[in-house]
Amino acid sequence: IKLKVQKTLPDKKIATLAVGDLIAHETIYYCEKCGRIFHSQELRSLVPEKCNFGFDVIVFIGKRLFLRCRNYQEILSELKQKNITISISEIAFLAKKFIIYLALLHKLVQKKTRGYMNMNGGYILHLDGTCDGGSPHLISVLDGISEIVLDNIKLPSENSDDLIPFLEGIKKAYGVPLAVVSDMGKGIALAIKKVFKNVVAFICHYHFLKALGKDLF
């Protein structure tokens, strides 16, 4: 089927690590029969739709911020050396975008992650939560064998009613674990007992000794 030109975008400003700042020229085609629009696949593989910065820039910002503990100003300086013009507010926005893309990718590879853990004989579910004052609880779970983070979620509390749907999702995605490790929270213990029946539950040594120390001293 021969496509026809719908329009040309001659001055889309984008930036990638490989080139730096550049002007992209995109020709958009359409099909007369079905009306389908065709954008440049090459451009879409470099830069997300309706975004001026490449996927590689987003990954660079995410790694620098969350793995290297760089602040926004330091990241700005590093990108400037790579011929990329960007603002502090844009770096903050792309950092959030990095987290969203990472979460979506994490969901897409759940079957592969489950297959990998099955090759290791299964997985041991480590469950813990943290919060700052009255803020929501950030609940995280990981496999104690491969040390892969399986999922995390923000919940109002560590009550069993809040935790059960989350753990049901973990069971559906990764199967029943060989064992579960957690602290001595009552809500967590009830949720584990409800979702993972007949699965051995262990108390984390760190939390056990921490609680014991508080009671004794």
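Just after helix α3 (residues 72-81), Asn83 has a positive phi of about 65°. Helices (H or I, at least four residues) and strands (E, at least two) are DSSP runs, numbered from the N terminus. The model is predicted: local features need pLDDT of at least 70, side-chain atom pairs count only at pLDDT 80 or more, and totals for chains, interfaces and linings use all residues. Residues are numbered from 1 along each chain as its sequence is written, and side-chain values use heavy atoms, with hydrogens and water left out.

**Helix α3**

At the start of α3, a side-chain oxygen of Asn71 comes to within 3.1 Å of the backbone nitrogen of Gln73. Ile75, Leu76, Glu78 and Leu79 are the buried residues of this helix. Buried means under 20% relative accessible area, exposed over 50% and partly exposed in between, with a 1.4 Å probe and protein chains only. Viewed down the axis of α3, the buried residues fall within an arc of 165°, so they line one face of the helix. The arc is that of the directions from the helix axis to the C-beta atoms. Lys80 and Gln81 are exposed on the other side of α3. The cover over the buried residues of α3 includes α2 (55-66) and α4 (88-108); contact means heavy atoms within 4.5 Å.

**The two sheets**

Strands of a sheet pair through backbone hydrogen bonds, either parallel or antiparallel. Two strands are taken as paired if DSSP finds at least two bridges between them.

Strand β2 (residues 20-30) is joined to β3 by 2 bridges, and Tyr29 has Phe38 in β3 as its bridge partner.

Another open sheet has 5 strands in the order β6-β5-β4-β7-β8, and its pairing is mixed. Here β6 (149-155) and β8 are the edge strands, each pairing on one side only. On average, neighbouring strands of this sheet are turned by 20° against each other, direction ignored. Strands β4 and β7 run parallel and are joined by 3 bridges; the bridge partner of His126 in β7 is Val181. Helix α7 packs on the sheet and touches β4, β7 and β8, and its direction makes about 170° with that of β7. Axes are lines fitted to C-alpha atoms, for helices over the stretch in contact, and angles run from 0 to 180 degrees between N-to-C directions.

**Helix α7**

In α7 (residues 186-195), the buried residues are Gly187, Ile188, Ala191, Ile192 and Val195. They cover an arc of only 130° around the axis, which puts them on the same side of α7. Lys186, Leu190, Lys193 and Lys194 are exposed on the face turned away from that buried side. Among the elements covering the buried residues of α7 are β4 (124-130), α6 (160-174), β7 (179-182) and β8 (200-203).

**Cysteines**

A disulfide is a pair of cysteine sulfur atoms within 2.5 Å, and by this rule the count is 0 disulfides. Cys34 is in no disulfide; the nearest cysteine sulfur, that of Cys31, lies 3.6 Å away. Accessibility for two cysteines is tabulated below.

| Cysteine | Relative accessibility | Class |
|---|---|---|
| Cys34 | 56% | exposed |
| Cys51 | 4% | buried |

Technical notes:
Polar contact = N/O pair within 3.5 Å; in protein donor to acceptor, adjacent residues only side chain to side chain.
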